[in-house]
Amino acid sequence: MIKRKLTGYRAAVGAIAAMGAMALGGAASAKDLTMGTTSPTSSHFTISVAMSKAIETGMEGSNVSVIETGASVDNVLRLARDEIDLGLATTDILISARNGTGKFEGNAIPDTVALYPYSASILLIAVTEESGVTTLDELDGKKFNPGIRGSAAETLTTGILSMFDINADLVHGAVGDAVEGIKNRQIIGYSKYGAANSVDATLHELMTSTEMRLIGFSEEQEKAATEAMEGVGFTTLPAGLIPGSEEMRVPKLNVFFLTRTGVMDDDTAYDIARSIHQNMGLLVEAWPQLADYDIAADAVATIETGIPYHPGAERYWREAAGS
């Protein structure tokens with residue numbers, strides 16, 4: 001029987017508690033935008049750079065500064081402090097920020113909104129073959145990196161481990177630290193989001209020197225996680241995604257670029273959405289898997305499921321999709 005411990009997932013962290021009330025800043029300038037991303041080792045950083053070029057191409061005279069961050073949670077906190085104008089985050093983090101749950105317990109940022117979607121991300125939990133670990137439960141007592149500090153992967157992974165009373169010896173650090181720790185046998189694995197049904201560059205690097213294994217979720221674990229964590233879905237990884245891997249179920253979330261209505265006006269949000277849409281070729285050059293991606297249709301589909309968008313961006317996507 002699975003033991004569910006939801007309090008761990010919903011616990012507030014000190015840094016967020018200190019954030020205080022939401023700060024309402026001035027509207028972002030269409031000429032000078034700061035984009036919060038993730039670790040440069042992530043494929044999501046690569047696509048973010050392409051997005052900055054698309055925005056600059058579509059918005060004459062604009063400049064987009066791309067900065068490395070701790071990903072989803074860090075980006076939302078930076079938006080709350082008016083340090084960035086837009087940043088990537090997953091569905092669950094967007095919902096948590098607006099509702100004041102999970103990492104944002106008691107510190108809701110209710111004007112957090114989406115600008116555009118661009119991907120579905122899967123949670124990859126990878127361990128060394130040498131560790132002998134084959135299930136989530138067997139992470140108990142093992143030294144394990146749960147994801148980039150401040151990322152959606154870290155939030156989801158630590159929440160899942162807490163929910164199922166899996167007391168892994170968590171070793172926090174950047175992706176590079178996790179890779180080095182695995183190579184040096186200081187930790188047995190790590191957790192990280194990958195783009196769609198693909199293996200992230202860091203795991204490719206690891207597999208050149210270390211035999212790795214992917215860990216999936218049991219049917220019972222999937223059901224419990226889906227019921228407890230709003231915005232979290234599951235997908236099936238095909239067998240052979242990495243050498244020797246079997247078909248398995250893993251968490252899947254949509255990824256968006258977010259902003260706040262308190263820091264971005266309607267015209268800027270509209271122009272950013274338009275620039276991304278009209279310059280998708282730049283994104284496809286960075287991520288060929290986007291060649292058949294209908295971003296306008298996906299944007300409207302997520303709007304219809306209840307994902308809150310910036311009014312300016314929503315206006316553009318509905319026009320573009322003819323809805």
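Figure 1. R213 is found in strand β8; strands (E, at least two residues) and helices (H or I, at least four) are DSSP runs numbered from the N terminus. Leaving aside neighbours within four places in sequence, R213 is in contact with I125, A126, V127, T128, E129, G132, V133, T134 and I242, where contact means heavy atoms within 4.5 Å. The model is predicted, so that local features need pLDDT of at least 70 and side-chain atom pairs count only at pLDDT 80 or more, whereas totals for chains, interfaces and linings use all residues. Residues are numbered from 1 along each chain as its sequence is written, and side-chain values use heavy atoms, with hydrogens and water left out.

Figure 2. M212 lies in strand β8, which spans residues 212-214. With a relative accessibility of 4%, M212 counts as buried; buried means under 20% relative accessible area, exposed over 50%, and partly exposed in between, with a 1.4 Å probe and protein chains only. M212 and A126 are 86 residues apart along the chain, and their C-alpha atoms are separated by 6.5 Å. Not counting residues up to four places away in sequence, M212 touches A126, V127, T128, E129, I182, L203, L206, M207 and I242.

**Figure 3. Arg260 and Asp111.** R260 is found in strand β10, residues 248-260, and D111 in the loop between α5 (91-99) and β4 (112-128). Their side chains make a polar contact at 2.9 Å. The side chain of R260 also reaches the backbone oxygen of L79, at 2.8 Å. R260 counts as buried, at 0% relative accessibility, and D111 is buried with a relative accessible area of 9%. Between R260 and A114, which are 146 residues apart in sequence, the C-alpha to C-alpha distance is 8.2 Å.

**Figure 4. Leu156 in helix α6.** Helix α6 covers residues 152-163 and contains L156. The relative accessibility of L156 is 0%, so this residue counts as buried. Residues up to four places away in sequence not being counted, L156 touches L123, Y193, M229, V232, P251 and L253. One of these, M229, is 73 residues from L156 along the chain, with 8.7 Å between the two C-alpha atoms.

**Figure 5. Packing of helices α3 and α10.** Two packed helices are described by the angle between their axes and the distance between the axes. The axes of α3 (residues 43-58) and α10 (residues 266-278) come within 8 Å and cross at roughly 110°; axes are lines fitted to C-alpha atoms, for helices over the stretch in contact, and angles run from 0 to 180 degrees between N-to-C directions. The two helices, α3 and α10, are therefore roughly perpendicular to each other, the term used for 65 to 115 degrees, with angles under 35 counted as roughly parallel, over 145 as roughly antiparallel and the rest as oblique. M51, A54, I55 and G58 in α3 meet I272, R274, S275 and I276 in α10. The residues of this contact divide into 5 nonpolar, 2 polar and 1 charged; Ala, Val, Leu, Ile, Met, Phe, Trp, Tyr, Cys and Pro count as nonpolar, Asp, Glu, Lys and Arg as charged, and the others, Gly among them, as polar.

**Figure 6. Positive phi values at Ala71 and Arg185.** Most residues other than glycine have a negative phi. A71, although not a glycine, has a positive phi of about 80°, and the phi of R185 is near 60°, also a positive value in a residue other than glycine. A71 lies in the loop between β2 (63-67) and α4 (72-80), and R185 in the loop between α7 (175-183) and β7 (189-195). A71 is buried, with a relative accessible area of 7%, whereas R185 is exposed, at 64%.

How values were computed:
Polar contact = N/O pair within 3.5 Å; in protein donor to acceptor, adjacent residues only side chain to side chain.
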